[in-house]
Amino acid sequence: LSERLFGDHMMANTLLLGAAYQRGLLPVSASALEQAITLNGAAVEKNLAAFAWGRAVVADPDAVERATAAPEPPAPELSGLERELVALAVDGDQGELRRLVEIRVPELVAYQDADYARRYAELVRRVQVAEQERTPGRGELAEAVARNLFKLMAYKDEYEVARLHLDAFEQARLRDELGDGAKVWFMLHPPLLRALGLKRKLKLGRWFVPAFRALRSMRRLRGTRLDPFGLARVRRVERRLVGEYEELVAGALGALRPETHAAAVELCELPDLIRGYEDIKLESVERFRERAAELSAAAAVSA
């Protein structure tokens, strides 16, 4: 949030200060804290703004997310294969749905392979067809699935971290921000090593880039018996979530009609509850599953 608002991470502590105050965790008044920021004399306007934004995150997090969310990147130039997969997913122009799919299909091809992206495209198409047949003129359900299925399929594991570190856009961004001569360190804390007792992040220099290339080339091992990272609990959960979500979508389509459309959209947007990494992510997965069970039970009763 600090980087989105101020262009760097320097205001992060003041954002946290504002959040802590708004939570009622600090035994001092807002005016006293603002006076302290002013008397300190360092980047006063920025720090006062950060304090206010931190309070806002607690008071109305959705409004802050809407106000600060980065715009989605424009759709990339698609290869012939990617255009075929987009056409498989979306019938016709379909505006926002096509835009969503045109961004996500190339990402899934790069993340794993064309078959993986085809799995995504086929489910999006199935939802789009069912939605148009049973609730003509609506598109929110297909858009929800296009966003949330991608989120679950493109979880950030060791192979994806390697791919993103090698991304040409990311490399260009680092050069622009830090210059060609800057020393770059990669701070990594793989779940496998964490499970084996490693308590701190590994600090690795540019000499580790060949290892990133090797990991990227190994991404097709993801989810197979040969996956060296697949035994970690969080990875097993991430793999299962895709199938669980596909089952939720199938259930929502089975009961889809005009009066259940809003509930189906809510159900298919539930992966947005899943946030964070490792233990935090696992806790949010439990909340996702509990809410999914509640909504599915309510849908069954109403049906």
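1. Basis. The model is predicted: local features need pLDDT of at least 70, side-chain atom pairs count only at pLDDT 80 or more, and totals for chains, interfaces and linings use all residues. Residues are numbered from 1 along each chain as its sequence is written, and side-chain values use heavy atoms, with hydrogens and water left out.

2. Terms for packing. Helices (H or I, at least four residues) and strands (E, at least two) are DSSP runs, numbered from the N terminus. Two packed helices are described by the angle between their axes and the distance between the axes. Axes are lines fitted to C-alpha atoms, for helices over the stretch in contact, and angles run from 0 to 180 degrees between N-to-C directions. Angles under 35 degrees count as roughly parallel, over 145 as roughly antiparallel, 65 to 115 as roughly perpendicular and the rest as oblique. A crossing is left-handed if the near helix is turned anticlockwise from the far one by less than a right angle, and right-handed if clockwise. Contact means heavy atoms within 4.5 Å.

3. H3 with H4. The axes of helix H3 (residues 30-40) and helix H4 (residues 44-59) come within 9 Å and cross at roughly 155 degrees. H3 and H4 are therefore roughly antiparallel. Their crossing is right-handed. H3 contributes Ala-30, Leu-33, Glu-34, Ile-37 and Thr-38 to the contact, and H4 contributes Val-44, Asn-47, Leu-48, Phe-51 and Arg-55. By class, that is six nonpolar, two polar and two charged residues. Here Ala, Val, Leu, Ile, Met, Phe, Trp, Tyr, Cys and Pro count as nonpolar, Asp, Glu, Lys and Arg as charged, and the others, Gly among them, as polar.

4. H7 with H9. The axes of helix H7 (residues 96-111) and H9 come within 10 Å and cross at roughly 15 degrees. That makes H7 roughly parallel to H9. The crossing is left-handed. From H7, Glu-96, Leu-97, Leu-100, Val-101, Arg-104, Glu-107, Leu-108 and Tyr-111 meet Ala-142, Glu-143, Ala-146, Arg-147, Phe-150 and Met-153 of H9. The contact has nine nonpolar, no polar and five charged residues.

5. H9 with H14. These two helices pack at about 165 degrees, with axes 9 Å apart. H9 and H14 are therefore roughly antiparallel. H9 passes H14 in a left-handed crossing. On the H9 side are Leu-141, Ala-144, Val-145, Asn-148, Leu-149, Leu-152 and Met-153; on the H14 side are Glu-238, Leu-241, Val-242, Tyr-245, Val-249 and Leu-253.

6. Ala-154. This residue is in the loop between helix H9 (140-153) and helix H10 (158-165). Leaving aside neighbours within four places in sequence, Ala-154 is in contact with Leu-108 and Tyr-111. Leu-215 is 61 residues from Ala-154 in sequence and 16 Å away, C-alpha to C-alpha.

7. Cavity. On a 1 Å grid over the protein atoms alone, a cavity is a set of points where a 1.4 Å probe fits but cannot get out, and a pocket is an open set with protein on both sides within 12 Å along at least five of seven lines; lining residues have an atom within 4 Å of a point. Grid points are joined across faces, edges and corners, and a volume is the space filled by probe spheres set on the points. One cavity of 30 Å³ or more is counted. About 30 Å³ lies in the largest cavity. H10 and helix H14 (233-254) each supply at least two of its lining residues. The lining has three nonpolar, one polar and six charged residues.

8. Of its 31 lining residues, Val-161, His-165, Met-187, Leu-188 and His-189 are the closest to its centre. The lining divides into 19 nonpolar, three polar and nine charged.
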